[in-house]
Amino acid sequence: MGSIVAILLFSLSLIFCLLLKYSVIYALIVGYIIFVTYGLIKGHDLKVLIKKSFEGVLTVKNILSVFILIGMITALWRASGTIAFIVYMGSKLISPSILILLTFLLCSILSFLIGTSLGTAATMGVICVSIGKAMEINPYYLGGAVLSGIYFGDRCSPMSTSALLITELTKTNLYTNIKLMLKTSIIPFVATCLFYLFLGLKSSTSPVSIDATNIFKENYNLNIVVIIPAILIIILSLLKVNVKKTMLVSIVISFIIAMFFQKESVTSLINYCVYGFHHSNEKLNSMMKGGGILSMLNVGLIVAISSSYSGIFKETKMLVLMKRYLKEFSKKTSNYFVIFLSSIISGAIACNQSLGTILTYELCEELEDKQNMAIILENTIVLLAGLIPWNIAMAVPLKTIDIGLMSGLFAFYLYFLPLWNLFLGIIKEKRKIIR
């Protein structure tokens, strides 16, 4: 019972911070104290608990390094003119009425190619949002389309870390999983496309004004060379080069282009990498400012603190009782519904997609066979994590594209797919009972 109380207290601290608009970091610190205290009450040594929590942080060191690269690439693409060029050309070629749908489709394609939601948000997401803002499209519609698109590929790309993690956990075949994931997502995908097309057609948008496009011509050298950093992302991804190496190559090329084509000094570019891009022209600044390593600091702390929980959970075995309760509950409802519910709880507690996936699997592994469990995890926690405001799966992409949490309401794919499969799961369970 103590474990349930500890989790409830942590949940209350999260709700308290959200209602009072405090940083979720405060709730995570409180959570750390609660879980360590629980361990001490259960007779565990404080030094061991702290050591285990640091081991948990070390499991996400790769994610933290990706955050640094995201901060740098989003700043340098702005400084080099890469985003400006694509926005300038895109605004002339793309109709405002289809941009929301196009944002979803382009983010879906790139995330499938490179297998990372965060990398897609930092590249294609930023570009589409920049074009959309210039066209005065509702930013929340764009934010929702980006969230939906980046998790389409993050869920079913052969290079996706979440797909590989679930394959490892369930000991299943990656390509069998991908085939089943695509099969279970057809109707939600089509429905999402229709909803975004409807939003685009009903939105009061306008073509980009001449003033808005001229601002890029006046402040940037829009030589076609400046698009190379974006093209490299696509080419290296198709060649299956490691995502971090791909981003690093793009960063170096962006740095060089910014020096020679935009006449930026080395000092200024280093400053942009750390603090984000900014420009003396206020109109340009309102459209292009952002990025930088410091912009990732808050979400980096969220990941580090939340990941420390996993070590404490393993040491104290505090999830054992909850696992028992969930098994009993599944007999009264359905296995899919319990895994669906567990994924929301795990995503809220873990605050990151990877740990949330591991916790959901640990809580529900006895409910389904390995193959079914793999697909249900892909259809629940991998997507639902992107709808939890304090989970980095939602916080990082939205911070990267600089749009608020209300975007989650328009991330149709993230809840259409889990709810559609929940509906199918309930029907399947009822048929079993009738037989």
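A residue counts as buried under 20% relative accessible area, as exposed over 50%, and as partly exposed in between (1.4 Å probe, protein chains only). This is a predicted model, in which local features need pLDDT of at least 70, side-chain atom pairs count only at pLDDT 80 or more, and totals for chains, interfaces and linings use all residues. Residues are numbered from 1 along each chain as its sequence is written, and side-chain values use heavy atoms, with hydrogens and water left out.

**First stop**

Select Leu-12, which lies in helix α1; helices are DSSP runs (H or I, at least four residues) numbered from the N terminus. Leu-12 is exposed because its relative accessible area is 53%.

Helix α1 (residues 2-19) gives the most to it, six residues.

**Second stop**

Select residues 139-156, helix α8, and residues 174-202, helix α10: their axes come within 11 Å and cross at roughly 165 degrees. Helix α8 is therefore roughly antiparallel to α10 (angles over 145 degrees count as such).

**Third stop**

Finally, select helix α17 (residues 320-332) and helix α18 (residues 335-350), which pack with axes 8 Å apart at an angle of about 140 degrees.

How values were computed
Helices (H or I, at least four residues) and strands (E, at least two) are DSSP runs, numbered from the N terminus. Axes are lines fitted to C-alpha atoms, for helices over the stretch in contact, and angles run from 0 to 180 degrees between N-to-C directions. Angles under 35 degrees count as roughly parallel, over 145 as roughly antiparallel, 65 to 115 as roughly perpendicular and the rest as oblique.
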